[in-house]
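Have the sequence and the 3D view ready as you read.

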Amino acid sequence: MLIEIGVRTVGAWLVVTPVGDLDLASVPQLRQEVMAGLAAPPTADAGSRARVDGRGRGRDVVVDLGSVDFIDSVGLGGVVAVAKRVRGAGGRFRVARPEPRVWEVFRIVGLDAVFDCFPSVEAATGD
Amino acid sequence: MTDPADRGAAAPGEVVLNVPARPEYLSLVRQVVAVVATAEGVRDDRVEALRIAVSEATTNAMESYAARAADRDDPGPVGRIEVRAVLHPDRVVVEVGDEAGGFEPSAVGDTVAPDDPGRLDAERGRGLALMGHLADEWDITTSDAGTLVRLVVRTPWRSPQA
């Protein structure tokens, strides 16, 4: 395993926290962990599950970038792939608490404008 | 602009790293280049730019080897990538060389502009854009033998007091 990727449930949200660098070495692992997390049944309380199922759509996902030290174009592509998968299934996709130098890389290629970015995981999972 | 194997040992002011073309070595390449630039007093924001640009160039080399192996349907021996950082009084030059048989620039695929309405769908095509934005100069020389990417980051150095 190249990097640690935390996957947990906060309410109706799946929160994915990669720790380290997002690049050619770690993106396959990110995709794999997210797909596995989406395939698993929600472990949230019954109320959350009912809300998710009641909407008849895929799960909502936050990628928590707070522990990402580095991202390059392949890492950006990995985040895009996750966003497409989540939104394609009808879920919401958000990112949370990127370091300024990491968010700058999103900005350079115009991805800052297409992702909803929140200052904390709590804020991102608040509704 | 010579074959990596012919370039010989590092001259003073150079740091040379030769690694297998495996993704696991990417972070090492970035780290070595960042340490060299930091040790020589390059300002942090330019070190960060260099880290990303070098990561893009090295990733391209790794993917060139992977594409060649796929074309041949034979992984063969793991290719090598040589990274050479040269410190000048006013700039850092990093060369990333492979022997993956070169590539057709037209085969690189479309690049994604920052204002492309379809940019959310694109999972690839941002490497050259990032390299172009972050390096002050860059060029690619490709031949049947391999590819050499040359990145130049002009320095604002840290002030001695910083």
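Which side chain of chain A meets B:Arg30 in a salt bridge? The partner is A:Asp23, with an N to O distance of 2.8 Å. Keep in mind that this is a predicted model, so every value here is computed from its atoms.

**Where the chains meet**

Over all chains, the structure holds 20 salt bridges. Another example pairs B:Glu123 with A:Arg31. B:Glu123 sits in the loop between β3 (91-98) and α3 (127-134) of chain B, while A:Arg31 belongs to helix α1 (residues 27-39) of chain A, so this pair joins two chains. As a general idea, side chains of opposite charge can pair when their charged atoms come close.

Here are the two pairs side by side:

| Residue of chain B | Residue of chain A | Closest N and O atoms |
|---|---|---|
| B:Glu123 | A:Arg31 | 3.1 Å |

Now widen the view to the whole contact. Chain A brings 27 residues to it and chain B brings 24 residues. Together the chains bury about 2,200 Å², with 64% of that on carbon and sulfur atoms. On the side of chain A, the residues that lose the most area to chain B are A:Leu24, A:Phe70 and A:Ile108, which together make up 27% of what that side buries.

Polar contacts also link the chains: 8 residue pairs, both residues at pLDDT 80 or more, are counted between chain A and chain B. On the side of chain A that touches chain B, the elements giving two or more residues are β4 (68-71), α3 (73-88) and α4 (100-108) of chain A. Of these, α3(A) gives the most, with 8 residues. Sorted by class, this side of chain A has 16 nonpolar, 3 polar and 8 charged residues.

**Spaces in the structure**

How many cavities of 30 Å³ or more does the structure hold? There is 1, and the largest cavity has a volume of about 40 Å³. Its lining includes B:Val15, B:Leu17, B:Val29 and B:Arg84. Strand β1 (14-20), helix α1 (26-39) and strand β2 (80-87) of chain B each give two or more residues to that lining. By class, the lining has 8 nonpolar residues, no polar ones and 1 charged residue.

Next, turn to the second largest pocket, which has about 240 Å³ of space. It is lined by 14 residues, and those closest to its centre are B:Tyr65, B:Ala69, B:Pro75, B:Pro77 and B:Gly79. The lining of this pocket divides into 8 nonpolar, 2 polar and 4 charged residues.

How values were computed. Residues numbered from 1 in each chain as written. Chains lettered and ligands numbered in written order. Predicted model: local features only at pLDDT ≥ 70, side-chain atom pairs only at ≥ 80, totals over all residues. Heavy atoms only, no water. Contact = heavy atoms within 4.5 Å. Buried area = accessible area lost by both parts, 1.4 Å probe. Salt bridge = Lys/Arg side-chain N within 4 Å of Asp/Glu carboxyl O. Polar contact = N/O pair within 3.5 Å; in protein donor to acceptor, adjacent residues only side chain to side chain. Helix = DSSP H or I, 4+ residues; strand = E, 2+ residues; numbered from the N terminus. Nonpolar A, V, L, I, M, F, W, Y, C, P; charged D, E, K, R; others polar. 1 Å grid on protein atoms, 1.4 Å probe; cavity = no way out; pocket = protein on both sides within 12 Å on 5 of 7 lines; lining within 4 Å. Points joined across faces, edges and corners; volume = space filled by probe spheres on them.
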